[in-house]
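Here is a quick walk through one protein model, with an eye on its charged side chains. Have the structure open and click along as you read.

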Amino acid sequence: MASLKEHIDLNNLPQHLAIIMDGNGRWAKKKGAMRIFGHRNAIQAVKDVTEGCAELGVKYLTLYAFSTENWTRPKAEVDGLMELLVSTIKGEIKTLMDNKVRLTTIGETSQLPPDCQNNLAWAMNQTKNNTGLTLILALSYGGRREIINAVKQLAAEVKSGKMAPEEINEQVLENYLQTSGIPDPELLIRTSGEMRVSNFLLWQIAYTELFITPTLWPDFRREHLYEAIWSYQQRERRFGKTSEQLNPVS
């Protein structure tokens, strides 16, 4: 069976692809197992998608790994997730190096357990000189909180006299977001069929194309990734303009 990869236009790739990795709990429940079983089996999906993006030439991949709201989940699940994060980072460092992937994070990672913070710092240092895909883990991340923190910093600049209110525009505010210097995602994938963005990159996805798949995250593989990118490439991105404005008849 032919792969959709053959039909992907490598000159029209999304520079930045973001994924809401959803469905681990439901996947585990279907198999009569605890939720953490689903999280463990999601590692292969992360590996497949990361390697797939690196091979295609995608420049940035942001994975919504743990939201600010996830802290309210049962303690056993949160603890299990944190232990899994530590072991996964240690176990996958060779894969990251082999694929020239640079690891970084967004979110309030200071809230993570010390061993998680230490392993993240170690992995980011190990991969900092890699020149391929940048893999961004959104950990203890919330879109609204990110915007509020940016506004607080801007307010402090105005209060101190370093900036006038009329100087604030979209570009200025973006400099205070955690994704400063990273292009907005052109494509957002959400697995498990849920139709919401769940407080993820709220500012950055203003004009992002959405791809919703019923596939649960532990079952997501490269062919699903290729399907999402191929779908993205079939769309006309108008940014508020009309088709006629984008394609004027000569």
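## Salt bridges and a few other spots

Start with Asp-22 and Arg-190, whose side chains form a salt bridge with N and O 3.0 Å apart. Asp-22 sits in the loop between β1 (16–20) and α1 (24–30), while Arg-190 belongs to strand β5 (residues 187–190), so this pair ties together parts of the chain 168 residues apart in sequence. Both ends are out of the way: Asp-22 is buried, and Arg-190 is buried too. Keep in mind that this is a predicted model.

Why would such side chains get together at all? Oppositely charged side chains can pair when their charged atoms come close. In this model, a search of the whole structure turns up 15 salt bridges. Here are three of them, with the N to O distance for each.

| Pair | N to O distance |
|---|---|
| Asp-22 and Arg-190 | 3.0 Å |
| Arg-35 and Glu-77 | 2.9 Å |
| Glu-92 and Lys-47 | 3.9 Å |

Take the Arg-35 and Glu-77 salt bridge, with its closest N and O atoms 2.9 Å apart. It links distant parts of the chain, with Arg-35 in helix α2 (residues 35–41) and Glu-77 in helix α4 (residues 75–98), 42 residues apart. Are the two partners buried or partly exposed? Arg-35 counts as partly exposed because its relative accessibility is 37%. Glu-77, at 7% relative accessibility, counts as buried.

Next comes the salt bridge between Glu-92 and Lys-47, at 3.9 Å from N to O. Glu-92 is in helix α4 and Lys-47 in helix α3 (residues 43–56), so the pair ties together parts 45 residues apart in sequence. Lys-47 has a relative accessibility of 28%, so it counts as partly exposed.

Some charged residues go beyond simple pairs: Lys-5, Asp-48, Glu-51, Glu-55 and Arg-222 are joined in a network of salt bridges.

Now for Glu-146, which lies in helix α6 (residues 143–159). Leaving aside residues up to four places away in sequence, Glu-146 touches Tyr-141, Leu-177, Gln-178, Thr-179 and Gln-204.

Asn-41 is part of helix α2, and with 28% relative accessibility it counts as partly exposed. Its C-alpha is 8.0 Å from that of Asn-24, which is 17 residues away in sequence. Setting aside residues up to four places away in sequence, Asn-41 touches Trp-27 and Pro-218.

Asn-70 is in the loop between β2 (60–67) and α4. Its relative accessible area is 16%, which falls under the 20% cut-off, so Asn-70 is buried. Again without residues up to four places away in sequence, Asn-70 touches Ala-65 and Val-78.

Leu-210 is found in strand β6 (residues 209–212). With 42% relative accessibility, Leu-210 counts as partly exposed.

Methods: Residues numbered from 1 in each chain as written. Predicted model: local features only at pLDDT ≥ 70, side-chain atom pairs only at ≥ 80, totals over all residues. Heavy atoms only, no water. Helix = DSSP H or I, 4+ residues; strand = E, 2+ residues; numbered from the N terminus. Buried < 20%, exposed > 50% of the residue type's maximum accessible area, 1.4 Å probe, protein only. Contact = heavy atoms within 4.5 Å. Salt bridge = Lys/Arg side-chain N within 4 Å of Asp/Glu carboxyl O.
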